[in-house]
Amino acid sequence: MCGIFVSTRVTAPNDTSGYNEETFENLCLHLEERNAARGPDAQNKHTVVIPLSPNFSGSSNDVSQANNSLAVTFYASELRLRGESPIIQPHARNGNVLCWNGEVFEGIEISAQENDGSKIFDLLCTLDTPEQIRDLFSRIEGPYAFAFYHGSSQRLFFARDPLGRRSLLIHKPTRELPFFLLSSVSAGPDSAYNFTELPTDNIFSIDFKYLSAIHEGTILDCFYTALNPICRTPEMPDNACRFAEPGKVNTSIPPDNLPCVESLDRIPEHLQEAVNNLVRNLERSVSLRVSDIPSSRDRQGKARLAVLFSGGIDSTILAYMAHKYIPLNEPIDLLNVGFENPRKIRIQNQGNVGGLPKRNRKGKPPRTVNIVNDKYAAYMVPDRVTGLAELEELRRLCPGRVWNFVEVDVPYLECQAARCSVEALMAPGRTVMDLSLALALYFASRGQGQVRKTPQSNPEPYHSDARVILSGLGSDELLGGYGRHRTVYMSGGWKAVIEELQQEIDRIPTRNLGRDDRVISSHGKETRHPFLSLTLVSFLASLPVHMKMDPRVETGLGDKMLLRLAAYKVGLVEASIRKKRAMQFGSHSARMDGERRGDVELEVV
C-alpha cells in the first residue's frame, strides 16, 4: 500500500486567481502529507523537467514564457508489504518514473522475496508503445493504481485496476485552477481543486511531447487534446490478457422445472461441482492475499492479519479460510465495531414513539429501561452479538488458534470529534451513507479496542497493528445477496435478475472501493478483498444464475445460496444461515442524529 501524488502547473495564474507559486506549493505539501499517512515506511519525490518549444508563442501568462520548461513532480509513500528489502518510491531509472500502489497476486510470477512494484517497473522499462503498456496491465490480477512516466515518449500513463480496488483521484486543469493533479487521497472538500474518482474503464495517458512542441495558444488550451484514454481490452484479446476486465454474467435462463434447494445440509447433485469449485477458488484467493505478509522482530507474537468481522457469512468464511494459511502460533485479529448511538439508546429506553402515527403519539408514556446507564449494553449492537456467536464457532472449528476478538467501542462524542477527518478522507464521497460506512471502517481499521481472553474475562486494552485487513465486500454483488435481487425477480423473473447481476459487476468500480481504500489506508493499513479477485469474479459470473441464488426460497437460504452451501460444507453451520445486515446498521453507525436517507448529500460546514 502506498500513497501516490503527481502534480504539475499547466499555466501561470492570472492576476485575480490567487494561485501564485507559493499557494500551489502549499497545496502540494498538504496533499503530500495526506499521502504520507498511507505509507509510513518511506516517502520521497522525483521531478521530471520537460523542455518546451523555444519557438512557443503562447499567452504571456503561460509558464513556458518564464521557465521554458514544464516540471512534473512525482511523490510516493511506501507501506512495505512485499519483498525482503526496503523500497523507496518513486522508482526512477533512465528517464522513466513509476509511482505504484498495489499488489500483484496473479499473472506475473513474483516470489516472496521480490517487491511487485520493482518488478512492474523493470517490465515497464522494456516497453515502447502504449499498447504494450496496456497489455502488461491486462495480464495482472490484483488491486492497483499507478502513474508511470515513459521517458523516451514523454508520456504519462495512469490508471486504476478494472474493479477500482485502489483509490486514485484526478483534478484536471481549468483557467481558475491551472494545474494537473493525481492523488490517492484528497484533503477533503476544498475550493482549491475539483477531485473526481479516476474511471476504471481505460488506461489514460498525457502526451507531454505534444504539449512541449506547441507553437501557439496555451498549454492549458491544448491539455485536453494531449489527454487520451486507451481501451483496456486489446483488439485481439487472448488468454494472456484475461485480467483486462471483469467477466460477463452468464445469461442462460434456468429451466421451468428447476427444483428448489430445501436445506443446506444436503447439496443437490447439480450444485456439487459448483460448491466445490467455489471453495477451491475462494481458498486460493484468500491464500494469495494472506501468505507472505512481512513480519519484523519487534512484531513477534502480534497478528499480521486482521479481518473486518461482523459475524456474518462473508467475514466468517474468510476468517476460517485465512486460518489455514497463517501459522497456528500466530493470532488473527477479528475487528468488530460498535457505536454508542443516542438515537438507538433513546428508542430502547422510550420505545420508538417517533415511529408511531402522529395521532397515536400524544400522551404515549415513555418506557423505563435501565440500559441507558449500562455501558456494555450500549455496544451490544447486532454485529457484536453475531460476532461473539461466530467467534465461538471459529474456536470450535480451529482449535489451537488464538482469535483476538477486538471490541472496538466508539463513544458518541469520539465519533463526532472524528467526523471532520473522516469526511475529508471519504471525499469526493459526500452522502449520508458514505459517512455512516466510512465511520465504521475508520474506527474498525484503526483497531483500538479491547479483548477478552475468555467470554467471562474482564476486557483488556488492545491495539491491532496488523497491516493487512481482509474485507468480505463483493459477495453480495456476485452471488445475489441483496434484497433488490429478490424484488427484481418478483417483477421480471430470472431475466431481470441476470440483468441486475450484470449491473452489479458494472457498478463495483464506481461504488465504495475507492472511498474505503482512502479511509482504511489513513491508518497505514491495506484492505484486501478475496471475493473481488478477478479470477473468482469471472468464475462466479460464468455460473448460471440458479447455481448462485434462488429468490423463490426464503431469505437466509436463497440469497447467496451457493456461498451458504459452501459455508455449511466446511463446517460453518451457524454462519451459513445468517441473514444479511448492512455494516452501518449492524454497527449502529447510521442515523445517530435522526432519520435521513442514505443518498442525501451532507451539508457543507
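How far apart are the mean positions of the positive and negative charges of the chain? And which residues of the largest nonpolar core touch the most other members?

Author: This is a predicted model, where local features need pLDDT of at least 70, side-chain atom pairs count only at pLDDT 80 or more, and totals for chains, interfaces and linings use all residues. Residues are numbered from 1 along each chain as its sequence is written, and side-chain values use heavy atoms, without hydrogens and water.

Charges first. The chain has 70 positive and 73 negative charges, and their mean positions lie 6 Å apart. Lys and Arg count as positive, Asp and Glu as negative; His and the chain ends are not counted. Each charge is placed at NZ of Lys, CZ of Arg, CG of Asp or CD of Glu.

Now inward. Of the 605 residues, 57% are buried, meaning under 20% relative accessible area with a 1.4 Å probe, protein chains only. A nonpolar core joins buried Ala, Val, Leu, Ile, Met, Phe, Trp, Tyr and Cys residues through side-chain atoms within 4.5 Å. The largest one holds 74 residues. L282, L334 and L540 touch the most other members.

Take L334. Leaving out residues up to four places away in sequence, L334 touches V307, F309, A319, L391, L394, W403, N404, F405 and V406. Touching here means heavy atoms within 4.5 Å. Another core lies apart from the largest one.

Among contacts in the chain with a separation of 6 or more, 76% join residues 24 or more positions apart. Finally, the C-alpha atoms fill a box of roughly 80 × 60 × 55 Å along the principal axes.

Note on methods
Buried means under 20% relative accessible area, exposed over 50%, partly exposed in between (1.4 Å probe, protein chains only).
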